[in-house]
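Grab a pencil and have the viewer open. Here are a few exercises on reading a fold, each with a worked solution.

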Amino acid sequence: MNNKITATGLILTFLIAFYGDLLAGRPDSLCTHRIEWGDSGEMLPWYKPKIEGVAYDEVIRLASVFIKNTVPNEPKTGLPLYYLFCEFRGPEYDKDFYKGTTGRTTLPHNPSCVFAGFTESLAVKYRIYSGDNSYLEIVRGCLDHMLEHGTTPSDWEWANCPYSSSFPGNPGYKGTGYWELGRGDGEYVIEPDKVGEMGYAYLQFYEITEEDVYLKAALDCADALAKNIKPGSYGESPWPFRVQARTAYVTEKYCSNVLPAVKLFDELERIKGVVDIDEDKIDKYKQARDKAWEWLFSKEGPMKTYVWKGYFEDVPSDENNENRVQVTPLEVARYIIEHPEYDLYYKQDVEALIKWCDGVFGTEAAEGYNAQCEQLWCFRPMGSHTARYASVCAMWYALDGGNEWYKNEAFENFNWATYCTSKLGFVSVGTGWAGAWFSDGYGDYIKHFVDGMAAIPEWAPAGEDHLLKSTSVVQNISYGEDKINYSTFLSESTEILRLKSLPREVTVDSKIIKRSKNPDAKEGWEWEELKEGGILRIKHLNGRDISIER
């Protein structure tokens with residue numbers, strides 16, 4: 001007996017010493033916060049770490065309010081900093097922040113990434129999640145500025161297309177010169193994948209407002225992409241990464257990011273029964289879409305070669321395709337999760353993409369936390385890319401029947417990403433960065449947390465009402481104490497909400513739809529009880545105006 005006690009004591013002493021040394025090597029703070037650790041050594045979010053469902057809500061609220069209320073105007077132009085600069089130093093790091101003079105002048109601005117990201121994060125997702133309609137006008141200003149001051153002429157080969165980059169501080173966009181080490185696109189050079197991103201953003205904004213100017217802008221982008229598609233090969237993608245807009249002269253020929261164009265074409269196809277679009281255009285879009293999708297999955301495309309390269313406008317030309325990026329494979333994984341019908345082998349492909357990104361871009365376990373790096377050429381853990389990985393893991397957990405590994409990955413990576421947001425709403429790039437990028441910290445970061453809460457709704461705050469996801473763009477929403485009203489662009493849609501209490505009645509265009517316990521029912525609503533409140537899922541086929549009564 002004594003020998004057993006002694007042996008047990010020795011083992012415990014060893015384990016305490018071993019794990020004590022291991023834990024001692026972990027960081028005690030990230031960005032502006034002291035790290036909160038759980039009982040099992042897992043990293044918890046910095047905000048109210050023991051209360052499930054509040055931290056993710058808090059960081060996206062802080063980040064969104066920062067864009068709305070805190071970002072100053074640049075004094076010379078009177079424009080907000082995000083119109084002019086890719087990166088800025090925040091109030092915790094620079095006393096001149098409130099003067100509007102801390103925008104980075106040593107790198108090109110990336111307005112397409114910023115404005116497309118703002119559209120999805122602020123206008124499409126956070127505005128509906130929060131019910132704060134003021135974000136619509138913020139995004140409208142950005143899109144209008146791009147149309148007026150950042151679009152190629154209508155008689156160029158790449159006509160009526162947005163510029164992906166611009167000279168820092170200059171409110172007129174036309175590409176850039178070259179920075180140190182040849183970084184940048186070059187003047188009058190566009191990136192076709194950003195044409196897809198902005199085209200999709202214009203289309204989403206049209207679906208919110210039904211204002212024709214944004215539909216025309218989306219169609220212009222789709223027309224340019226359909227006109228300029230080429231057969232893809234191992235070293236040459238269907239659209240180049242960089243191209244002179246006036247002459248179509250290619251300056252860098254490979255980019256794996258064909259997904260934004262595919263999304264734009266798919267959405268135009270989906271809404272053609274609601275919006276009057278010329279059928280010949282739709283046919284051309286479908287042909288271009290199929291060429292791009294087929295190349296993506298071909299033996300020469302990145303789903304087979306894993307040459308995931310070409311996204312960031314501030315990197316040098318990479319003609320040998322040596323760099324690898326995290327954004328594109330994970331966004332492809334997200335789209336396959338949302339549309340498994342497009343990929344016969346979606347289970348194998350999604351898991352392969354997630355595991356590959358974790359293996360290539362994930363931080364070492366010895367560093368004491370789970371986080372994701374951006375790309376091989378900037379191999380540092382960053383908040384937006386960590387949140388992206390977390391959201392895709394959460395979505396796959398929800399679709400694939402609940403593999404706990406993916407839920408744990410989502411949880412730990414989301415928790416790490418929360419530390420990038422300060423109490424003032426400044427979202428730094430990552431550890432050791434005194435700056436924030438508008439594209440990463442706001443256009444990208446916010447939407448991933450919303451997607452994560454939609455996939456795992458118990459991570460949304462209890463005791464509150466939030467619409468987390470809709471398969472149609474939601475045009476407006478109002479949260480009342482006794483009633484929630486919202487309208488969708490499409491009559492056929494599915495929504496997921498986290499609510500304070502069980503609804504008494506759900507109507508679509510004033511007609512009552514029934515509660516159903518059959519998840520395969522074509523129309524109706526179902527309720528999943530949680531410890532506090534629950535999850536409401538609504539399917540509707542023939543109406544746009546939905547009302548939920550207590």
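The exercises below go through sheets, a helix, salt bridges and a surface patch.

Before you start: this is a predicted model, where local features need pLDDT of at least 70, side-chain atom pairs count only at pLDDT 80 or more, and totals for chains, interfaces and linings use all residues. Residues are numbered from 1 along each chain as its sequence is written, and side-chain values use heavy atoms, with hydrogens and water left out.

**Exercise 1. Work out the strand order of the five-stranded open sheet and find its edge strands.**

Step 1: Helices (H or I, at least four residues) and strands (E, at least two) are DSSP runs, numbered from the N terminus. Two strands pair if DSSP finds at least two bridges between them.

Step 2: Trace the neighbours. The order comes out as β13-β14-β20-β16-β17, and the pairing is antiparallel.

Step 3: Look for strands that pair on one side only. Those are β13 (474-479) and β17 (511-513), the edge strands.

Step 4: Check the twist, which averages 20° from one strand to the next. The axes behind that value are lines fitted to C-alpha atoms (for helices over the stretch in contact), with angles from 0 to 180 degrees between N-to-C directions.

**Exercise 2. Describe how β20 is paired with β14 and β16, and decide how covered β20 is.**

Step 1: Take β14 (residues 483-488), which is joined to β20 (residues 545-549) by five bridges in an antiparallel arrangement. Along this pairing, S487 sits opposite D545, and I484 has I548 as its bridge partner.

Step 2: Now turn to β16 (residues 505-508), which pairs with β20 over four bridges, again antiparallel. V506 has I548 of β20 as its bridge partner. So I548 partners I484 of β14 and also V506 of β16, by the pairing rule of at least two bridges between strands.

Step 3: Judge the cover. Buried means under 20% relative accessible area, exposed over 50%, and partly exposed in between (1.4 Å probe, protein chains only). Four of the five residues of β20 are buried, so the strand is largely enclosed by the rest of the structure.

**Exercise 3. Compare the span of helix α12 with the expected value.**

Step 1: Use the rule that the expected span is 1.5 Å times one less than the number of residues.

Step 2: Apply it. α12 (residues 383-399) has 17 residues and reaches 24 Å from its first C-alpha to its last, close to the expected 24 Å.

Step 3: In α12, 15 of the 17 residues are buried, which leaves the helix mostly covered. Just after α12, G401 takes a positive phi of about 90°.

**Exercise 4. Find salt bridges and say how accessible their partners are.**

Step 1: Set the rule: a side-chain nitrogen of Lys or Arg within 4 Å of a carboxyl oxygen of Asp or Glu. The count then comes to 40 salt bridges.

Step 2: Start with D28 and R34, which meet at 4.0 Å, N to O. D28 is partly exposed at 46% relative accessibility, while R34 is exposed at 61%.

Step 3: Go on to E211 and R140, at 2.7 Å, N to O. This pair links distant parts of the chain, 71 residues apart: E211 is in the loop between α5 (192-209) and α6 (212-227), and R140 is in helix α4 (residues 134-149). E211 is partly exposed at 30%, whereas R140 is buried at 17%.

Step 4: K227 lies in helix α6 and E157 in the loop between α4 and β6 (189-190), 70 residues apart. E157 is partly exposed, at 35%.

Step 5: Follow shared partners, and E120, K125, E331, R334, R388, D444, K447 and D451 join into one network.

**Exercise 5. Which residues form a nonpolar patch on the surface?**

Step 1: Recall how patches are built: residues with over 30% relative accessible area and no salt bridge, with like charges joined within 9 Å and nonpolar side chains (Val, Leu, Ile, Met, Phe, Trp, Tyr) within 5 Å. Accessible areas come from the Shrake-Rupley method with a 1.4 Å probe, and for residues only the protein chains shown count as cover.

Step 2: The patch is L376, W377 and F379, with about 280 Å² of accessible area together. L376 is in the loop between β9 (373-375) and β10 (378-381) and counts as partly exposed at 37%.
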